[in-house]
Amino acid sequence: MLSPIPSNQPFPSSFVFKKKEPLQSPTMTTTTSYLHSVHHADTPSVASSPALSLSSSVTAYSEDAILNEDDENNSLAYPRTPPTSEQVFTTVHAEFGHCTNEAYRCISKHDYTRPVPEHIIEGPPYYILLATYMSYVVLYFFGYTRDFFGVIFTSHFTHLLPHNGYAPLKSRFDSFYSRRLRLRIHDCVSQPVAGVPGRSIIVLDRRFIDNDHTLIHTGGKTRSLNISSYNYLGFAQARGGCADAVEESIRRYGISTCGTRLEGGSSELHVTTESLIARFLGMEDALISSMGFATNSTFIPALVRKGSLVISDELNHNSIRLGVRHSGAEVRMFMHNDMSSLESLLREVISQGQPKTHRPWKTILLIVEGLYSMEGTLVNLPRIVELKQKYKFYLYVDEAHSIGALGPHGRGVTDYFNIHPRSIDLLMGTFTKSFGAAGGYIAGSKTIIDALRLRGHSGPYAEAMAPPVLAQIVASMASIMGVAPTSQQINSTPSISQDNSSIMLKESAVGFPATAPANMLPTWMNLPPAFADGSEARMRISRLAFNSRYLHAGLKKLGFITYGHPFSPIVPLLLFNPGKMCTFVRLMRAWSPPIVVVIASYPATSSMTSRARFCTSAAHTKEDIDTVLRACDEVGGIMDLKHGSGERWGIDEVCERAVELVHSHFS
Amino acid sequence: MENSASAALEPLLSFLTFSLSTLESGFYKLPGSAVVARYVKSSHQNDPGRTILELILIIFAIRTLLQSRTRADRSGKHFIKFSEKEIDELVDEWTPEPLVQPLTEWEQKDLSSVPVIAGPNGPKPKLFSTGKTVTNLASFNFAGLAGNEQVKDRAVDTLRKYGLGSCGPPGFYGTIDVHIDFERDIAEFLGTEAAILYSQGFSTISSVIPAFCKRGDIIVADRSVNFAIQKGIQISRSTVRWYDHNDLKSLEDTLISVEKERKKRKGPLTRRFIITEGIFERDGEMVDLPKLIELKLKYKYRIILDESISFGTMGRTGRGLTELYNVPASQIDMLVGSVANGLCSAGGFCAGSAIVVDHQRINGTSFVFSASMPALLATSGSEAITYLRNNPSVLLTLQDNIRAVRAVLEKTEGITLLGHRASPIIHFCLRTQQQSLSVTPATYDYEAEERILQDIVDDAIANGVLITRAKHLRGQEMIESRPTIRIAVTAALTKKEVEKAAGVVKTSVTRILSKRR
């Protein structure tokens with residue numbers, strides 16, 4: 001056992017540090033006390049108001065969302081300072097935190113006076129590196145030794161040995177990683193949850209039995225601070241405008257459109273959603289696919305063919321690699337986000353042509369991600385667009401993580417860098433993250449998108465996107481765009497491919513970023529006013545930018561090694577040592593309130609750079625980020641994680657000077 | 001002359017000796033260095049050749065370490081050296097082709113003829129183009145679950161508790177308790193140990209296959225399997241042997257020849273899989289499951305069975321072929337089904353033993369790397385299973401309707417009905433001399449047939465019955481199959497309605513074909 005901490009649940013928090021008392025001053029254990037404190041807060045200012053704020057605040061919904069759980073973690077369920085009657089919140093605090101302080105906002109935008117930051121990889125001290133290597137050596141040594149004797153003396157290996165004329169389903173060698181390494185941190189990954197993956201999330205408690213081999217559910221549930229879900233704009237909500245729209249769509253359309261897009265599964269909702277997406281992105285046309293992963297893996301094969309070359313970033317997502325493998329095109333990789341490596345590769349492949357024959361490539365397609373999900377690095381788009389002018393390759397940007405999360409208008413990397421989206425051939429993205437839905441899109445010119453509709457694998461073979469998912473996308477996207485009443489006629493072309501001369505974004509006519517004309521939304525969809533005028537989404541985007549910058553800067557000032565762009569909502573915190581992964585998760589879970597974190601190691605990252613990964617959300621309040629920083633500060637101290645360079649601040653100073661920290665990073 | 005040269009070299013030599021001695025003393029100061037030195041000395045003494053070998057090894061190791069991670073062919077024999085100027089010229093000269101070939105005139109027509117439905121889909125949807133209500137024989141609504149109020153209520157309840165999206169892959173807090181419940185429901189329904197849920201039906205089997213089949217493994221597969229299986233097999237890099245479509249005699253021959261080959265080569269025991277479909281998506285044929293299992297057990301293969309069409313439609317309560325043939329589902333090693341087709345929700349699953357399922361939780365790429373399914377789609381699936389369990393009569397209605405449609409179409413001139421008579425999808429193609437589905441080389445004009453079939457489809461839609469051609473990716477499929485029209489029968493219509501609709505299709509066929517003659 002590598003970890004010094006016993007893995008049995010519940011984790012005895014007093015083992016390492018004392019469990020913190022919740023910080024709020026009046027301990028609110030019941031709703032009555034909460035109501036009372038609201039009343040108390042209200043009385044001096046608006047004594048004559050008989051209707052308490054709760055009547056207009058959706059916090060009141062909490063009766064089913066929150067109260068039937070244990071009330072142990074009220075700091076997550078209710079704000080520390082109860083709202084006054086002037087403050088009307090339309091969200092459940094546990095899903096989407098209440099934050100009125102306008103100082104805790106920031107605009108995500110590239111500053112062209114300074115160069116695009118390089119991907120700097122800060123290394124740990126040598127002794128950490130050595131310890132990491134040693135950890136693996138010890139793991140492998142004991143693992144193999146136990147395997148060697150286990151095969152002879154025990155019966156645990158029967159399913160890994162040929163039996164009864166069948167070869168084993170998995171070989172001993174192939175399964176070594178999962179048996180000997182992954183099993184040790186089994187309680188720290190794939191934790192099942194319940195409820196909305198919003199600001200907080202309910203995790204189902206598990207316990208090891210059977211000599212730490214099997215995990216069982218204890219039946220207990222713990223509400224925890226969620227800094228792990230891809231809920232960037234906080235649209236994962238069971239209440240509010242989006243959820244209402246989804247409910248209405250279920251009532252009207254049912255659950256499924258019963259078929260593939262090309263074989264009787266196309267609904268008018270698909271068609272209007274696609275044109276809305278095209279308009280949102282500022283592209284000519286767009287298509288949607290019912291699964292984000294499949295968007296890459298089933299449409300890339302229709303883009304490249306034999307005689308084409310795909311140039312791919314070495315850290316591109318598995319779905320992109322799979323799509324390229326399906327296509328049968330040649331593929332070359334360049335070093336992660338390294339523009340000089342890309343350029344020298346481009347010069348080489350164009351001058352050399354196809355292998356052996358030296359014929360010129362038919363097409364070269366560069367596939368990059370907007371925001372890399374494990375590193376938090378942002379693509380150097382300005383440089384790539386420059387290179388594209390010179391080397392004439394086609395550009396495919398996977399905005400799975402960046403769409404919605406970056407840019408002053410939430411339009412992704414193009415918006416962040418203020419580059420016109422049409423200078424990119426294909427924009428791909430997913431709805432799982434910022435939009436709180438599922439599935440993905442590809443946007444580009446009409447010619448390309450029509451060809452993809454017909455020649456991509458998804459069109460004839462994969463089920464169409466479900467109506468409730470479409471409703472969530474339309475509602476959240478329209479709220480980001482803001483709805484503008486227009487006199488344009490809604491297109492009535494019967495085809496699934498838009499011949500939409502009326503809707504198509506004309507660069508001269510419609511400015512970018514465009515608003516959503518009211519007639520592009522389904523008539524039954526009634527968005528709340530804050531959604532329709534775009535103010536809600538603007539608040540979300542700027543809160544996300546603040547939270548991301550604050551967490552990045554805060555962790556840096558506390559002395560941690562982190563990767564990624566300061567505006568990236570993905571914040572990896574480097575742990576290096578594989579044994580520290582589970583300890584980190586267990587300690588964060590033992591914090592009050594419990595914090596759930598994601599850990600990643602091989603195969604998602606290199607095995608030497610095991611990391612914890614935070615995903616900030618607009619749903620987090622500044623206090624939530626404070627909580628995470630405080631927990632990291634203490635846990636990091638215990639676990640010897642603070643090896644970063646640069647000036648260090650104390651945790652209190654970081655929390656107090658948060659606003660300054662966020663904005664000073666600009667200089 | 002010699003003297004002066006050595007005099008000139010004198011300082012250099014002395015410097016070399018000096019640095020060598022400092023290096024040596026420095027080396028000996030290192031802890032443990034004496035041991036290393038002693039080892040090198042003695043080994044060199046015993047075997048000078050070995051020192052050279054070790055030296056080469058070290059140099060090789062350093063070279064490998066220094067090599068760039070991205071593969072460069074610079075040293076390859078096909079590499080041509082260019083000067084920077086030449087490269088610039090080549091770059092200027094190069095003009096790429098368009099990224100995609102623009103759609104042909106036929107493809108344009110194909111795309112614009114895809115029906116779009118206004119409002120909910122179901123047995124009688126309204127078309128977006130004309131606003132007319134049509135009878136639906138195109139969409140997969142076999143058990144009539146589309147628009148089921150019970151399912152809708154459950155979905156709304158789930159929405160209000162879980163929101164819509166799961167916001168993460170299963171490994172990163174994306175496994176919701178409703179997923180676990182739904183997986184258990186599927187496993188209990190089928191009678192397997194466990195099941196795993198994927199978020200898209202199409203991506204399920206193309207991820208299941210490469211999770212188990214690796215390089216060197218043997219796959220014996222039906223020649224006419226669906227596209228998703230083909231893609232899975234392609235990614236797996238296993239050795240593939242094909243047997244004739246739905247011909248278990250041919251399968252047995254293939255199994256025997258594989259075994260012979262192995263004995264001849266004296267190769268190690270590798271994993272062996274039979275991959276086929278329950279009801280073939282391409283033509284509606286049904287596999288003889290008991291015979292298949294007999295062969296599998298005899299030759300010790302594992303079966304990956306795709307029940308995308310048969311799950312939710314066949315058997316008394318929709319458990320699929322295992323129920324129809326009364327075979328325990330545990331006999332099928334990996335039973336893959338579609339929640340989207342059979343249960344009118346979304347996604348797919350793979351059921352099997354706990355080992356099979358757990359293996360996929362780490363190795364199934366589209367499980368691991370994809371966001372998990374929205375909670376309300378999972379609970380809708382659970383509700384659909386409850387519905388099937390409680391209403392076995394729906395599938396009887398379905399079978400009645402299938403018989404009714406087939407009865408009408410069998411009497412239609414000019415077309416050939418394909419597939420098994422109980423299959424809920426009914427394909428028919430134009431009748432020619434050649435009647436088998438997979439013909440190589442093609443003896444028919446693919447595009448001309450497609451056009452005729454499309455005319456039939458358009459005519460039927462104009463007359464109030466929605467049907468569709470079976471769409472394929474021409475040129476990307478392994479084998480080109482005959483163009484067909486595919487009818488999906490539903491239990492949501494009465495026998496009268498179905499008969500009437502089939503009658504409309506029959507009239508359309510006759511009308512279009514007589515126009516052609």
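Which strands of chain B does helix 8 lie across? Keep in mind that this is a predicted model, then look at residues 177-190 of chain B: this helix lies across strand 4, strand 9 and strand 10, and runs at about 130 degrees to strand 4.

Those strands belong to an open sheet of seven in chain B, with mixed pairing and the order 4-10-9-8-7-5-6. Strand 4 (194-198) and strand 6 (239-243) of chain B sit at the edges with a single partner strand each, so one side of each has no neighbour in the sheet. From one strand to the next, the twist averages 20 degrees. For a closer look at one pairing, take strand 9 (residues 334-338) and strand 10 (residues 348-352) of chain B, which run antiparallel and share five bridges. Here Leu335(B) stands opposite Ala351(B) of strand 10.

Now step back to see how the two chains meet. Chain A puts 129 residues into the contact and chain B puts in 120 residues. Between them they bury about 10900 Å², with 60% of it on carbon and sulfur atoms. On the chain A side, Leu169(A), Arg455(A) and Tyr461(A) lose the most area to chain B, together 8% of what that side buries.

Nine salt bridges link chain A and chain B, including one between the side chains of Arg486(B) and Glu263(A), at 2.9 Å from N to O. The count of residue pairs in polar contact between the chains is 50, both residues being at pLDDT 80 or more. Helix 6 (residues 241-253) of chain A gives the largest share of the side that touches chain B, eight residues. That side of chain A divides into 62 nonpolar, 41 polar and 26 charged residues.

Note on methods. Residues numbered from 1 in each chain as written. Chains lettered and ligands numbered in written order. Predicted model: local features only at pLDDT ≥ 70, side-chain atom pairs only at ≥ 80, totals over all residues. Heavy atoms only, no water. Pairing = 2+ DSSP bridges. Helix = DSSP H or I, 4+ residues; strand = E, 2+ residues; numbered from the N terminus. Axes fitted to C-alpha atoms, helices over the stretch in contact; angles between N-to-C directions. Contact = heavy atoms within 4.5 Å. Buried area = accessible area lost by both parts, 1.4 Å probe. Salt bridge = Lys/Arg side-chain N within 4 Å of Asp/Glu carboxyl O. Polar contact = N/O pair within 3.5 Å; in protein donor to acceptor, adjacent residues only side chain to side chain. Nonpolar A, V, L, I, M, F, W, Y, C, P; charged D, E, K, R; others polar.
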